[in-house]
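Student: I would like to go through this model term by term. Please set each value against its cut-off.

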Amino acid sequence: MAQYGYKADVDGFDTTIPGEGRQLLRNVTFKVGPPDGDAIVVMAHRDDTGLGPGANDNASGTAALIELARAYGTVPGSPVQAVRPQHRLIFLSTDGGSFGGVGALRYVTHAPDRERIVAVINLDSIAGRGQPRLEIAGDEARSPAPALVETAAARIVEQSGSAPGRTSALGQLTDLGLPFSLYEQAPFVGRGIPAVTITTGGNRPPSSFGDVPEGLSKKRLTEIGRAAQGLLGSLDEGLELARGTRSYVYLGQRIVRGWAIQLVLVAMLLPFAAAAVDLFARCRRRRIAVAPGLRAYRSRAGIWLWAGALFLLFGLIGAWPGGAARPVSPETAAAGDWPFLALLGLLVLTLPGWLVARARLAPPRPSTAEEELAGHSATMLVLGVVALLVVATNTFALLFLLPSLHVWLWLPHLRDRGVGARLGLLAAGALGPFILVGSFMFRFGLGLDAPWYLAELVSLGYVSIVAFFLALCWLAGAAQLTAIAIGRYRPYPSAAERPPRGPIRNTVRAIVLTLQARRRRAAVDEREAMEA
């Protein structure tokens with residue numbers, strides 16, 4: 001870049017990458033244009049995962065970044081006049097882009113001119129043989145300005161003759177429900193800066209294996225490079241962009257605004273709320289006590305919350321891969337290597353909590369129809385509260401919760417059916433969580449490692465503790481309904497049914513009595529040996 005008259009500004013910073021340890025990374029920026037004007041960022045990460053030469057990911061994006069900057073630079077001694085931009089143009093070469101966009105996050109949170117950025121163009125793996133694609137998901141439930149996305153698509157159509165690919169509508173809704181992207185536009189969009197990634201990869205960046213120069217498509221590199229040049233020119237010439245970001249879902253040429261989707265999701269919640277309240281009212285009119293069902297749920301929630309607390313504690317002591325609160329690269333061992341010993345330790349330490357709760361919930365007798373109805377009613381009321389908390393945190397996440405709310409309401413109607421029918425109904429209600437897990441399994445190519453990957457996002461802090469807590473509350477509700485479905489449900493016992501000592505005291509008492517018995521036995525053996 002120096003040969004075009006640019007001066008480098010290097011920002012070095014330390015960060016921990018899961019599975020890679022502590023690393024020194026460097027962002028490099030080159031600026032041209034009015035120092036006080038609004039800024040347009042053109043960026044490309046220059047690192048890769050180290051599994052291949054990195055010709056496409058991301059030498060192709062870096063080459064295009066340099067070529068775009070050349071038009072605005074001036075070779076010392078050259079009579080050619082450089083193009084004078086109307087905006088402040090920032091050419092940004094990030095580090096750590098292959099590891100969750102660490103460099104992009106660093107720039108958007110620490111750069112002195114970040115408040116003046118009006119648009120970001122990210123170039124990532126643009127010389128593959130696949131169709132051009134646009135990636136728009138952010139770290140928060142937001143989307144870039146439609147004008148930026150549609151202009152980028154128009155410039156690609158002009159050069160390639162076909163519209164760029166985009167994530168499906170269901171995929172976009174999933175990304176709003178759990179904001180996630182492996183590309184570097186995400187930190188900018190999440191912080192209110194319109195940004196779009198142009199790539200030839202899918203939702204998951206292409207594999208670094210076999211990423212050699214001979215595999216590049218010169219035609220595709222030329223098309224996307226010229227499209228990026230046209231997009232930069234359109235932005236610099238005064239394309240009107242709305243400040244900040246909103247939530248959208250792109251359906252072909254149509255745009256559905258996020259508030260409309262949120263309104264629909266909340267409207268779908270209202271019939272469930274009415275049915276759950278009516279069910280509770282019927283129990284009250286028939287003098288069916290719901291409180292034992294709520295206490296039973298409390299015990300089951302205690303098991304899940306105990307397991308969740310242990311999981312977070314294991315993360316603090318380093319049992320899980322640690323690092324920056326960014327998506328883990330699927331190419332690294334940290335994304336797929338399950339720490340089985342640590343998970344076994346977690347299971348062992350969770351067992352005492354299960355034993356304590358089981359002392360209250362183990363059914364010594366079959367429950368009555370009224371008791372099961374009360375347990376079902378209590379569970380649906382709690383899940384309704386969970387739904388309200390989801391609305392307060394991220395309404396789009398109702399996508400993962402609504403199927404269980406509506407389907408599981410029908411469980412009492414199948415009490416006289418076989419266990420298979422009831423379990424089938426429970427499985428149908430789990431469609432929402434499967435949408436989320438299936439997205440990571442298939443869209444991001446994680447396969448059966450998807451559950452562990454999601455757990456890692458929690459331990460790293462990328463997924464909030466609040467979302468983790470709500471997921472545990474949902475699992476406790478699913479556990480209670482499963483117990484009802486298979487005939488193993490028992491309401492929390494009344495004071496007359498409970499033993500004089502609680503489960504914790506009984507457990508401690510059993511341990512003490514066992515130790516005392518062993519000591520007595522050892523003393524008897526020693527005395528007999530001395531007499532012999």
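Tutor: Start with ring pairs. Rings of Phe, Tyr and Trp (its six-membered ring) pair if their centres lie within 6.5 Å; planes under 30 degrees apart count as stacked, over 60 as edge-to-face and the rest as tilted. By such pairs, Phe-311, Phe-314, Trp-320, Trp-338, Phe-340, Trp-452 and Phe-468 are linked into a cluster. This is a predicted model: local features need pLDDT of at least 70, side-chain atom pairs count only at pLDDT 80 or more, and totals for chains, interfaces and linings use all residues. Residues are numbered from 1 along each chain as its sequence is written, and side-chain values use heavy atoms, with hydrogens and water left out.

Student: How many aromatic pairs does a search of the whole structure find?

Tutor: The search finds 17. One of them joins Phe-180 and Phe-444.

Student: What makes the pair of Phe-180 and Phe-444 edge-to-face?

Tutor: The centres are 5.0 Å apart and the planes stand at 85 degrees. The limits are within 6.5 Å for a pair and over 60 degrees for edge-to-face. Phe-180 sits in the loop between helix H4 (169-177) and helix H5 (185-190). Phe-444 sits in the loop between helix H13 (431-443) and helix H14 (450-460), 264 residues away. Both Phe-180 and Phe-444 are buried (under 20% relative accessible area, with exposed over 50% and partly exposed in between; 1.4 Å probe, protein chains only).

Student: Why is the pair of Trp-320 and Trp-452 called edge-to-face?

Tutor: The planes meet at 65 degrees and the centres are 5.7 Å apart, so the pair is edge-to-face. Trp-320 lies in the loop between helix H8 (291-316) and helix H9 (340-361), and Trp-452 in helix H14, so the pair ties together parts 132 residues apart in sequence. Trp-320 and Trp-452 are buried.

Student: Why does Gly-130 count as partly exposed?

Tutor: Its relative accessibility is 27%. Gly-130 is in the loop between strand E5 (117-123) and strand E6 (133-135). Leaving out residues up to four places away in sequence, Gly-130 touches Thr-200 and Arg-220 (heavy atoms within 4.5 Å).

Student: What makes H3 oblique to H6?

Tutor: The axes of H3 (residues 146-160) and H6 (residues 218-236) come within 8 Å and cross at roughly 135 degrees. Under 35 degrees counts as roughly parallel, over 145 as roughly antiparallel, 65 to 115 as roughly perpendicular and the rest as oblique. That angle therefore makes H3 oblique to H6. Among the contact residues are Thr-151 and Arg-155 of H3 and Arg-220 and Glu-223 of H6. The contact residues divide into six nonpolar (Ala, Val, Leu, Ile, Met, Phe, Trp, Tyr, Cys and Pro), four charged (Asp, Glu, Lys and Arg) and five polar (the others, Gly among them).

Student: Why is H12 called roughly antiparallel to H15?

Tutor: The axes of H12 (residues 419-429) and H15 (residues 465-485) cross at roughly 165 degrees and come within 9 Å. The limit is over 145 degrees, so H12 is roughly antiparallel to H15. Val-419, Arg-422, Leu-423 and Leu-426 of H12 meet Leu-481, Thr-482 and Ala-485 of H15. These residues divide into five nonpolar, one polar and one charged.

Student: What share of the 532 residues is buried?

Tutor: Buried residues make up 50%.

Key: Axes fitted to C-alpha atoms, helices over the stretch in contact; angles between N-to-C directions. Helix = DSSP H or I, 4+ residues; strand = E, 2+ residues; numbered from the N terminus.
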